[in-house]
Amino acid sequence: MANLIKKAQARTSIAMLSLWGILFTLFIITGLVDHYFFTISSIGVTLQLAVPLGLLAAGQTICMLTGGIDLSIAMIATGAAFIVSIKSPSGLGWAILYATLYCILIGTINGLAVGLFGMNPLIMTLGMNAVLIGVFTVGITTFLKGSSTMPDIIIKLSSGTIVDPISWPLVLWVVFGGLIIFILSKTGLGRLIYAVGDNATAARLAGVRVWKVQLAAYIICALFSGLAGLMIGGQSGAVAMSLADSLVLPSVAAVVIGGTSIMGGIGSYTGSVMGALILTVLSYLLATLNSTEAVKQMIYGAIVLTLAWTYSKITEKS
Amino acid sequence: MRIRGNPESFRGSPWFDSKQNKCEINKRSNLSQQALLKISNLAKSYGSVVALRDANFSVQPGEIHALLGANGAGKSTLVKILTGVIGGDLGLIELNGKQVAFSSPDNARKSGVAPVFQDPALIPDISIQRNLYLTGTDKDRFLSEISSMGLSVDLNQLASEIELPILRMIDLARALSHDPELLILDEITAALPIDMAEKVISIMGDHKARGKSVIFISHRLAEIEEICDRATVLRDGINVDTFDATHGSEERIVAAMLGDKNVVAAHNRNRANKTTTAEFMRVESLVGGKHLKDVSFTIKKGEVLGVAALEGQGQDLLFEILAGESQPSGGKLFVNGQEVTFHHPSDAIAAGISYVPGDRKTALMPQRSIRENLALTRYRGMRRWGKINFTEEAAKVDGAVESLEIDTRAKSQVKRLSGGNQQKVTIGRWVTTGFDLLLCFDPTRGIDVGTKAQIYDLIRKFSDEGKSVLLFTSELREIQLSCDRAIVLYEGKVQADLPFEKCDEASLLSAAHGIVG
Amino acid sequence: MNLIKIKRQSWNIGIVIIALGLGTWQINRLPVFGSYEARTILLGILPIALLSMGQAIIIIGGGINLAIGAESVLINCLAARFMAGKSFGIGVALTIALLLLSTCLGAITGLIISRSKIADIIVTLATSFILIGFAMYIQPSPGGGMNLSLAHLVSGKGTAFLPPLITLILPLLIIWIPLYRSRAGIAMYAIGSNKDSAFLSGVNVDLTRIKLYAVGGLFAGLSGIVLTAITLSGSPFASISNTATLNSVAGAVLGGVALSGGVGGLTGPALAALILYFIPTILLNYGIDPAYSQIITGALTIIVVLIGGLIRNRGKKK
């Protein structure tokens, strides 16, 4: 019956509609509090600020869709930024290549540990993060000695406005975000990512080598985290060890708010994009209200919990 | 406390056939005393699957009562409701004349109803001592029960460190330590060594001598005749016969299990001359797990080979080995004359063997759409990780949907489909990819009659196309309907290899119980 | 003691050997080792040992609490804020009240997880935001204090190493051992080992889970009180709570608790805290950058979980 189809579509759209509703409400409230918010340039800046979180959320979405999680994105991002800033004097191309190889290496180790050795992703990536903190802390005084300022072109691409509200970061987000959406919805790999997350046994019985899919997921996540790291470094101009720390848990929050289940198999990047936008506008709002870090943290937590509970209830009803 | 529901209104339902032949309960001389347990009109459904329709069952004090029925007849459901694991939808349970409804196994145990399941309900990572403490079992009482079984157990051992047969005896000893009025043994003699099975029998006798009762679920007809007073047979969720369990009741049991329902018309098809077609697969002396000891058989191209076996004979492991999901510990496998070893399902698929598992939960992705489920097998290789060719995919998917007549109305998530439709999707996955041999494990379990017929048709169609099918089914009549030949598994070996003319249910059921000839 | 019990304790024995080995190494390097040095070590391990014990209980029960660090920071800040300048009696009363509070917070967490059916990772992630936010609200910047007599009772003074030793061992004796032997405690192991068998054995799974997180919360509260007694102030930093949570998982895992649940005890994590303490201390003594200790801790956690998982799965089929 046409009714049944419409109902099913409506159910998934309800989630999207509510996200738009929340974003819109936050937008209005922020604008009312700070009149400058409604200006095009202000919107442009907000979008710029949302890009690193959006890119981190992209990698996190892929990992969570396979039923995993990646908490080493902080150091993957920071590490990539360090490598670029230190190696760029000897050529930007080489620097970017090294950073890319670094991301692929970490992603491979994470992916193999989870896929082949069955390690718990939470522990593996937490451990990896700790190891990387140590490596880089030691490194920047020894084999990674060098400048900690980002090369100009990266700075330009991370915060340059083309024409309000469009900026280079936004363009990059659209391009790479589009790539993620393409992978997830139009490629065989995307189907397998959902399959492995929804029912790895069914995937295996269908002949899928589950570990390869998980490996791919963690590598993609690492690459996007590296890109995000370059962006953050570019936005602040210099690289520091705590570069991406404050964005790790929000990246998970954005994905959860966007409707992806941590158990895997359901969700989308578009939801995570909404999540990233909501969290960024929320930060802006709270900052404008001069509210303390305390209030911000509590509201963050309350929102994640409420939305996760709502999604749980919606999926339970079916 | 009556379970909600009105039995009267239920009788008007389309499933209740008042013309059904129900035998009179054989009255025993002491039936005038109150029944220990009385179950009336019990019904339970899981979504669209009806597990129990209208079960009526009673047990006298000091009686050992056998509960029989084919796979899926409703025995486990009845036991689960009785022991508080799940709740019933309709019906009444009375214990010593008082109505009861147990909300948990603990509840049931405290009222004197103690179950012992085939999978011992002991916590694996904890010691036996602590397990006993968890259920409030007296240690000394337990130890005396264990020693009267002729066993000795180190209470400090973890449950996971103990072999299954001993673990079952421990579970039994634990249940006995609570001195239950009603002991329920759910297939615990299956896969027990003979000496322990005999111990269980004598324990049941002792229990009865103390004036207590036992509900005994088993497929071993010899045991039932030896120790049980009465037997009730369930079929399709209804009790159909209750009688004294005397020697020679085998025939009556088999007849009750089969019933005389209208048989779906056998297919008029050309089953001519399969003997000339080439061999596709050969299994030689396969050994695996606890149950498969020495399994050998062959399948020809285009042949539909049925597999019949009682529960727990290792048939699921056999299928998993052939599918590449599990590894055998001995024996050889040949495909098209060449020896093969499968380390992963993709190896089996590459050899042309596809697997439709019995549990739809292991074969389907519940939150994904029908299309994604049907198309999954297309993207299994890394070469297919790139952009999807949607027109090609749509063609294959639509083709499968059409040939299987899948109802695609609930498009968004496969978990919302009916059981029958879900089963068609699990088969459909392979139609989109192609195969030479399809391993179908109990494909029609819990499915409505109409869809069952469609699946039989499909299997015959595959055979016409030159593909082979290995079909395990718990509904024996299906074998004669859709198979060219059948093998029967019992005690780890192929007990019988019958051409379809000889595959009537009675022969199959007898062979499945080890009764040959 | 029979062979089985010895085999069961093999992990703990291994930890003791490593801890003793490292301890001896460290102590030999010290010019003098007396009560003062002993007290220093105990103070160093006390907060993390207590937190690891709390996390260990939760992991044994099949869960995980990513907010355990935040719980302890919250109690730390509440204690510092309200005990400053007050009498001993008030301090004791507040201690009891705060421990009750942390237990209730844990119970509420367990209740939310049971009712909402959301994954424990997400729920505790969200609550970690809320709790740390509340801590920041109570204590916007580091400060506060504690009645000195109370602080000395908990953590000793000068060369008195007995009080901190008692503080470490007392919870084990009066909370853990009775719990371990009780039906409630066995029920926790049961739900961590196999929820279905637990149900069939008559365990109320939801209620047990609530108790599980409640006890974990109690230990988190103890850790927070102890932190206040040692530092005589409250520090409301998300970085502290995140590191503490991370270390609590490392401590539990190194202490022989299996991530799959149902396996392990509390003495292991307490001993593992020693290892986590000695590694950086020893490295520091050799003039090695303490960052290396982070590498070692992270790598050690990964390796231990990996090996533990492989050993346990070796006997399992498929």
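What percentage of the 318 residues of chain A count as buried? The answer is 56%, where buried means under 20% relative accessible area, exposed over 50% and partly exposed in between (1.4 Å probe, protein chains only).

Before the views, a word on the model: it is predicted, so local features need pLDDT of at least 70 and side-chain atom pairs count only at pLDDT 80 or more, while totals for chains, interfaces and linings use all residues. Residues are numbered from 1 along each chain as its sequence is written, chains are lettered from A and ligands numbered from 1 in the order in which they are written, and side-chain values use heavy atoms, with hydrogens and water left out.

**View 1. The fold of chain A.** Welcome to chain A, which holds 13 helices and two strands; helices (H or I, at least four residues) and strands (E, at least two) are DSSP runs, numbered from the N terminus. Its radius of gyration is 20 Å, close to the 20 Å that the globule rule gives for 318 residues, so chain A is as compact as a globular protein of that length. That radius is taken over C-alpha atoms, and the rule is 2.2 Å times the number of residues to the power 0.38. The C-alpha trace spans about 65 × 55 × 35 Å along its principal axes.

**View 2. The surface of chain A.**

**View 3. Where chain C meets chain A.** Here 35 residues from chain C and 36 residues from chain A take part in the contact, meaning heavy atoms within 4.5 Å. The two chains bury about 3,200 Å² between them, with carbon and sulfur atoms giving 86%; this is the accessible area (1.4 Å probe) that two parts lose on being put together, summed over both. On the chain C side, C:Ile122, C:Phe129 and C:Ile302 lose the most area to chain A, together 19% of what that side buries.

**View 4. B:Ser218 in its loop.** Look for B:Ser218 in the loop between strand S8 (213-217) and helix H8 (221-227) of chain B. B:Ser218 is buried, with a relative accessible area of 4%. Leaving aside residues up to four places away in sequence, B:Ser218 touches B:Leu67, B:Leu68, B:Thr189, B:Glu223 and B:Ile224.
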